[in-house]
Amino acid sequence: MRFGLLGTGPWARNTQGPALIDHPDAELVGVWGRRPEAAAELANDLGTAAFADVDELLAGCDAVAVALPPHVQPELAVRAAGAGCHLLLDKPVASEPADARRLVAAVEEAGVASVVFFTLRFAPQPAEWIAAQQEVGGWLTARAQWLSAVLGGKESAYSASPWRRERGALWDVGPHVLSLLLPVLGDVTDTDRIAAVRGPGDTVNLLLPHVTGAVSTVTLSLTVPPEAAVVEAELRGPAGAVRLPERDRGVAPLAFGRAIDALLEAARSGEAHPCDVRFGARVTELLAVAEERAGKGS
């Protein structure tokens, strides 16, 4: 499958680009970015072509991998779907529910396949853990924390990200936590019961009622000190208590390769992947409700 890469930031450079180059069933046709000089530099490093005209790149591709901020992604993804390209999207798929719904409509109208790269759903250990807990079922409660020091003093390639600084942990790491909780505990259908409270920095605490009757509590932050950073999740029910395996920080390129596999299979079979654009849009809707309940913060 011939891919175009949209975006030139750290995620494109460190994860998506290398995974596309290494995948045996993918060909990286070229790179487009909002800054032509950055696209040229990344294309040179990846051994592919830089495109100044995004539509020219789309015309030569079967699919696109998108590594763009959530307020930029929908417009480009809609154009790609209209050009007949399958979509390998980043999370969150949009920063506004209306844009997410517009993207879903474009995918359905074009009849293209879509996969949203939620890292936990494609990294081997977390993905196996999630699938196992789905099989067990009957969970009563869940507790999840994703506390990062990306904006709290740790040196990171993502520290200068304008959209992360503006929207905070709710929109950056919140999608990861929802991608874990929703398949295990079920959707949050009664959004009137969602509770959200702001804490220090960009910290936000969520209480989520799930359709199965389970209730989850979530704490998210990008602004904790490095010493306080943690990623953890725990489920409790008749089967006892189980904890998410410790995260392998170097697994993102491997996980993205598995997301490429998922898109290839969805395009071949015509069957929707569980992490398709519709699931991505639902995550955006829930984040928007939580943000409204919590307020914008300081």
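Here are some questions and answers about this predicted model.

Me: In what order do the six strands of the open sheet run, and which two stand at the edges?
Reply: The six strands are ordered β3-β2-β1-β4-β5-β6, with parallel pairing. Two of them have a single partner strand each, so one side of each is left without a neighbour in the sheet. Those edge strands are β3 (49-50) and β6 (114-117).

Me: Over how many bridges do β5 and β6 pair, and which residue stands opposite Ser114?
Reply: β5 and β6 pair in the parallel sense, over four bridges. Ser114 belongs to β6, and the residue standing opposite is Leu87.

Me: What angle does α4 make with β5, and what angle does α11 make with β6?
Reply: Helix α4 (73-82) lies across β1 (2-6), β2 (27-32), β4 (63-66) and β5. α11 lies across β1, β4, β5 and β6. The angle for α4 to β5 is about 170°, and for α11 to β6 it is about 165°.

Me: Where do the buried residues of α7 fall, seen down the helix axis?
Reply: Start with who they are: Pro126, Ala127, Trp129, Ile130 and Gln133 are the buried ones. On the other side of α7, Glu128 and Glu135 are exposed. Seen down the axis, the buried residues of α7 fall within an arc of 160°, so they line one face of the helix.

Me: Which elements do those buried residues of α7 pack against?
Reply: Helix α7 covers residues 124-136 and reaches 19 Å from its first C-alpha to its last, close to the 18 Å expected. Its buried residues have both helices and strands as packing partners. The list is α6 (119-122), α10 (174-185), β11 (230-237), β12 (240-243) and α11 (252-269).

Me: What is the phi of the residue that follows α7?
Reply: Most residues other than glycine have a negative phi. The residue after α7 is a glycine, Gly137, and its phi is positive. The value is near 65°.

Me: Is the peptide bond between Lys91 and Pro92 cis or trans, and what is omega?
Reply: Most peptide bonds are trans. Pro92 sits in the loop between β5 (86-90) and α5 (97-110). The bond joining Lys91 and Pro92 is cis, with omega about -15°.

Me: Is Ser148 buried or exposed?
Reply: Ser148 is in the loop between β7 (141-147) and α8 (162-167). Leaving out residues up to four places away in sequence, Ser148 touches Ser221, Leu222, Thr223, Val224 and Ala229. The cut-off for buried is under 20% relative accessible area. Ser148 has 13% relative accessibility, so it counts as buried.

Notes. Residues are numbered from 1 along each chain as its sequence is written. This is a predicted model: local features need pLDDT of at least 70, side-chain atom pairs count only at pLDDT 80 or more; totals for chains, interfaces and linings use all residues. Side-chain values use heavy atoms; hydrogens and water are left out. Buried means under 20% relative accessible area, exposed over 50%, partly exposed in between (1.4 Å probe, protein chains only). Contact means heavy atoms within 4.5 Å. The expected span of a helix is 1.5 Å times one less than its number of residues. The arc is that of the directions from the helix axis to the C-beta atoms. Two strands pair if DSSP finds at least two bridges between them. Axes are lines fitted to C-alpha atoms, for helices over the stretch in contact, and angles run from 0 to 180 degrees between N-to-C directions.
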